Amino acid sequence: MAARRALHFVFKVGDRARTARFYRELLGMRVLRHEEFEEGCKATCNGPYDGKWSKTMVGYGPEDNHFVVELTYNYGIGEYRLGNDFLGITLVSSQAVSNAKKMGWPLKEVTSGVFETEAPGGYKFYLEDKEKLKQDPVWKVTLGVSNLQKSVSYWSGLLGMKIYEKDEEKQRALLGYADDQCKLELRAVGGAVDHGTAFGRVAFSCAKDELPSIEALMKKENQKILSPLVSLDTPGKATVQVVILADPDGHEICFVGDEAFRELSQVDPNGDKLLDDAMAADNSDKWFAEHNMKKVSA
């Protein structure tokens with residue numbers, strides 16, 4: 001198995017302006033690239049929606065060596081229902097804690113030096129109040145599972161992740177593809193996993209030649225494949241190949257060919273401007289307000 005990389009987590013967002021402020025001003029991330037699409041994604045990157053949508057990648061540095069966030073915005077949808085599937089992203093940044101305090105953003109100290117906060121939409125972030133010790137401050141993504149052993153067997157046995165920690169008493173496990181990458185934490189939720197309508201997706205890269213074998217393995221093991229191997233086009237940028245899977249609890253997992261993705265994910269120096277221009281041109285909030293209507297709740 002060639003080297004695999006943890007790339008990003010996908011959030012659906014209803015309030016693009018407040019969300020941008022949270023990631024840029026509070027977390028201190030920067031816009032890496034912004035893209036607008038006139039119709040839904042063939043691999044349901046934006047969820048089960050056919051209309052106009054946008055994708056904004058934000059992070060502390062290039063996706064070549066940072067775990068970042070993908071913000072998908074479906075025009076006309078104002079909010080999504082949360083489940084118990086996504087339990088938080090943990091990052092190490094005393095600056096983010098300081099920013100939150102200055103902005104008056106709600107913070108709750110859950111353990112000594114670790115603060116819980118929420119991005120618009122209710123997505124939880126855990127901020128460790130200390131200086132970052134490595135290049136990428138993003139430490140782990142935590143997902144809820146119904147059966148820890150079954151999930152660990154899937155992620156480790158089938159997807160090849162290394163088990164870094166496993167705590168049967170606390171019903172949690174920490175896995176990853178490399179010591180210097182963002183980790184995946186699995187935590188039992190004591191029942192079924194509810195994905196709501198806000199369900200996200202976690203993305204990894206692998207050698208393009210591995211994609212057919214990943215799909216074949218899932219078929220052999222009778223595991224769910226949400227999107228068989230497909231090519232995705234981004235206007236003016238590289239075409240990538242992806243396979244979309246679902247783990248035993250229905251968490252969506254994207255594997256993308258590394259070679260083309262490195263080309264696609266190059267940082268766009270105009271990313272901030274493209275996002276700001278798109279938000280300025282988006283009159284949907286004004287239109288709904290003038291017609292005494294609210295955007296759809298998914």
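Predicted model: local features only at pLDDT ≥ 70, side-chain atom pairs only at ≥ 80, totals over all residues.
Visitor: Okay, and where is Gln171?

Guide: Gln171 sits in the loop between strand S11 (162–167) and strand S12 (172–176), and its phi is near 55°, which is a positive value in a residue other than glycine.

Visitor: What about Asn222, is that one buried or exposed?

Guide: Asn222 has 71% relative accessibility and therefore counts as exposed. Asn222 belongs to the loop between helix H4 (211–220) and strand S15 (225–232), and the phi of Asn222 is near 55°, again a positive value in a residue other than glycine.

Visitor: Changing topic, how many helices and strands are there in the protein?

Guide: The protein contains seven helices and 18 strands, and its C-alpha trace spans about 55 × 45 × 35 Å along the principal axes.

Visitor: And what is the radius of gyration?

Guide: The protein has a radius of gyration of 19 Å, and because a compact globule with 298 residues would have a value near 19 Å, the two agree. Of the 298 residues, 54% are buried.

Visitor: Last one: how many positive and negative side chains are there?

Guide: There are 39 positive and 45 negative side chains, and the centres of these two sets lie 2 Å apart.

Conventions:
Residues numbered from 1 in each chain as written. Heavy atoms only, no water. Helix = DSSP H or I, 4+ residues; strand = E, 2+ residues; numbered from the N terminus. Buried < 20%, exposed > 50% of the residue type's maximum accessible area, 1.4 Å probe, protein only. Rg over C-alpha atoms; globule rule 2.2 N^0.38 Å. Lys, Arg positive; Asp, Glu negative; His and termini not counted. Charge placed at Lys NZ, Arg CZ, Asp CG, Glu CD.
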